[in-house]
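Hello,

Here is the structure I promised to pass on.

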Amino acid sequence: MAEYSADTQPREVPPVAPDARGLRLRGLTLELGAKGAAKQILRGIDLDIPAGSITGLAGESGSGKTMTGLAICGLQPAGSRLGGTISYTGPRGSAPNLLALKPRAMNALRGREVAMIFQDPTASLHPMMTIEGQLTDGMRHHLKVSRTEARSRALALLERVKVPEPATALKKYPHQFSGGQLQRISIAIALSSEPSVLIADEPTTALDVTVQAGILRLLRELCDSLDLAVLLVTHDLGVMSALADTVTVMRYGEVVEHGTRYQVIREPRSEYTRALIDALPHPPAEEGSTPAPGALPPTPTRTDLR
Amino acid sequence: MAGHLTVRDVHVVYKLPGRRQLAAVDGVSFDLAPGEVLGLVGESGCGKSTLARTICGLEPLAAGTVEFDGQPVVALGLRKRPGHLLRIQMVFQNPYSSLNPRRRVGDQIEDALAIAPPSERSSVDRLLDDVELDRGAANLFPHQFSGGQRQRIAIARAMGARPDVLVGDEPIASLDASLQAKVATLMRDVALKNGASLLFISHDLSVVRVVADRVAVMQAGRIVETGPVAAVWNAPTDPYTRRLLAAIPTADGLGRLPAA
């Protein structure tokens, strides 16, 4: 349990070298609407998303956190104008600015190097295509592997994300799975082309707590073992506290606070972060019912992860 | 005070393809006393929404009884709801689909006022005040509001009928996290202020903890544990309740992964 003691929690974000693997956002701006009457959605976001680490992005709806994730993938709404730079350094090459890439180059990168998972897997998967089709599509396109090779990779991926009976699962359709299993499948699809960056936008918001716990563990394990640079977008500070290494808090398209998870959640420097934490449901203070952090059943340490 | 809800050994069964059957609610009993807030928690598929629908007469009973002030609640089918059952009102999960998009908010609340006994009738203005919305909201349409505001309208409409029992089926699940606790507390306050009891159904244990006096934990169609909120939280006796509580990630900044 020593790992979960407050004393060992880092308080300072380790510096990120300019050539470190991952994503680096500098002065990212996004404008929507006609010039003159334009709305500033992002007002200059600086953010490092280093490999092997989970970078949390918190904020209320409308703060621009989802838009930041979309902009990285080049999926911003049509007619929006982007500014600033997003540089990418990966194991197979790098790009000084994703925003300056030609569509063809961006297409080669998106889905290949930068993958995304979304809140509602029932909506993000194709309802009329088998799991095998959806798992192998990106692989065959990006990795140019044969059908047989793609199939065996698909099997391995489903095993990796712990979907029971992978061989049967491949032949099924999305409606035949529960929400938690579908989220595992969409994680498998995201990983199918061996990306180095994973954008997870509210990946557990639609799930029950016990299912959520499984997905959180899976994401942590994948990040650590595949050296993924993970951007975790969530409004749930409990999820943030469990999974993120660093936390960036956004409001009105600006970064209001950035630090390690312990510092941001336990020793917030900005008024806004404090208000956000206070808005969490707190148990009524009565008859000393507030359990101390250690009162909950002990949680296995990270090495217990299967 | 009237409005005692008694649920005794209720079974609700769905037919599955072939001859198979699913016991969605499998022998549930509980009481909801006037002025009480009961939280019903459980994961998807545990039967909590089916139970809510049964209490409102929207699902036929396979066995058992639901009684409201001594009179049985039976499934409605296509019939009009009998008068005494109008004292049970429901707030649904999704305010985007539970409000009529083509009618003004004020008119929809008026509908509810019309079924309240004349002596107890409130007004649109007062109901909007209760849910902390501007009185001008009455002239607007649902699409002109955010999700949280729409849920407030749905609460105002339900309260307009002067219910003795308000049932909320995941009423905050589709709202932003920063709003969930606020709307849940508001629902509790509005119900109690108007003399109604509240059955608050949610999969979010931390919100139920704040809102409810008593909590019932449901798993696979059965209630596995019930008791005062603080007792269940601090000393859960059922293994499932313990597992559920352990799975909630705490915002303690320690990177503690919840037990799966």
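B:Glu67 stands opposite B:Pro72 in β5(B). The strands involved, β4(B) and β5 (residues 71-72), pair in the antiparallel sense over two bridges; two strands count as paired if DSSP finds at least two bridges between them. Two residues lie between the strands of this hairpin, and B:Asp69 there takes a positive phi near 50°. Helices (H or I, at least four residues) and strands (E, at least two) are DSSP runs, numbered from the N terminus.

The model is predicted: local features need pLDDT of at least 70, side-chain atom pairs count only at pLDDT 80 or more, and totals for chains, interfaces and linings use all residues. Residues are numbered from 1 along each chain as its sequence is written, while chains are lettered from A and ligands numbered from 1 in the order in which they are written.

β4 (residues 63-68) of chain B also pairs with β1 (residues 5-15) of chain B, antiparallel over five bridges. B:Leu5 has B:Phe68 as its bridge partner.

Chain B also has an open, mixed sheet of six strands, ordered β6-β7-β8-β3-β9-β10. Its edge strands, β6 (88-91) and β10 (222-228), each pair on one side only. Within the sheet, β7 (residues 165-169) and β8 (residues 197-202) of chain B run parallel over five bridges, with B:Gly168 opposite B:Phe200.

Helix α5 (residues 147-160) of chain B packs on this sheet and touches β6 and β7; contact means C-beta atoms, placed from the backbone, within 7 Å.

Regards

How values were computed. Contact = placed C-beta atoms within 7 Å. Axes fitted to C-alpha atoms, helices over the stretch in contact; angles between N-to-C directions.
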